[in-house]
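Biologist: Please take me through the side-chain contacts in this one, slowly and in plain words. I'd like a close look at how the rings and the charges pair up.

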Amino acid sequence: FTENAGQWYGNVRYIGETNFGDVGFFDDGIYMNMIMEHEVEEDTETSDGSTRTRGHVLKVTFPGSDMTSPIGIDQRSGVKNWMIGEEADWTTGVRSFNSLKYNSIYDGIDLVYKFDENEGMKYDIIVDPYMDPSQVVVLYEGHRSMKVDGKNLMIDVDGETDLVDSGLKVYYADDPTHEIEATYDLIDGSRYGFALGNYDDSRQI
């Protein structure tokens, strides 16, 4: 996740690069700029018989939350430099981080984005002791539909591409091997939460 130190216009705080496109982290939510390739019929005027590429933006917010500016965690070694145009317009010494954290989006609940070597960008919702995880609601905008398939959340982006939120796992912070039964709780075609089984709410999850 690379900080915006003035090299990009607008209010984006950080940008993360994923295998499906760039993700912008703002104070009011997360914007996914998905770059998608689709096969094109050979007899179309615009096709060379291969693929076409286009972008599609999804916005992710947390209704009822108190979103704040994300904070970079675990700074990576080295910095990046943007040296475009006149020297006065250069931006140098730009930092990158392995994780981003939104503190206290709900009472006693933090949101962390990180990169997994095998699964790419993932997010953690950290719930402090005695706090209510049912506060968390995730809202997607810009997609067509959403459904739950076992442990996977399937988001139909444009009728041709699915974004899959896979591997739902809930566990105690002090013992990751102790998993808690959990499922996605689909509210409607744009919103979901999480339904948890019985657990010890005196421990952070």
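Modeller: Tyr192 is buried, with a relative accessible area of 0%. Keep in mind that this is a predicted model. The cut-off for buried is under 20%, so 0% for Tyr192 counts as buried.

To see what Tyr192 pairs with, let's go through the rings. A search of the whole structure turns up 11 aromatic pairs. One of them is Phe26 with Tyr31: the ring centres sit 4.9 Å apart and the planes make an angle of 70 degrees, so we call that pair edge-to-face. Tyr192 belongs to an aromatic pair too, with Tyr184, and theirs is also edge-to-face, at 5.6 Å centre to centre and 80 degrees between the planes. That's how you describe any such pair: the distance of the centres plus the angle of the planes.

Phe1, Phe25, Tyr113, Phe115 and Tyr123 make up one aromatic cluster.

Side chains of opposite charge can pair when their charged atoms come close. There are 7 salt bridges in the structure. Among them is Glu3 with Arg95, whose closest N and O atoms are 3.0 Å apart. Glu3 is in strand β1 (residues 2–3), while Arg95 is in the loop between β8 (91–94) and β9 (97–106), so this pair ties together parts that are 92 residues apart in sequence. Glu3 is buried at 12% relative accessibility, whereas Arg95 is partly exposed at 34%.

Asp110 and Lys101 form another salt bridge, with the closest N and O atoms 3.5 Å apart. Here Asp110 is buried, at 11% relative accessible area, and Lys101 is partly exposed, at 22%.

Then there's Arg191, which forms a salt bridge with Asp188, the closest N and O atoms being 2.9 Å apart. Arg191 is partly exposed with a relative accessible area of 31%, and Asp188 is partly exposed with 30%.

Conventions:
Residues numbered from 1 in each chain as written. Heavy atoms only, no water. Salt bridge = Lys/Arg side-chain N within 4 Å of Asp/Glu carboxyl O. Helix = DSSP H or I, 4+ residues; strand = E, 2+ residues; numbered from the N terminus. Buried < 20%, exposed > 50% of the residue type's maximum accessible area, 1.4 Å probe, protein only. Phe/Tyr/Trp six-rings, centres within 6.5 Å; stacked < 30°, edge-to-face > 60°.
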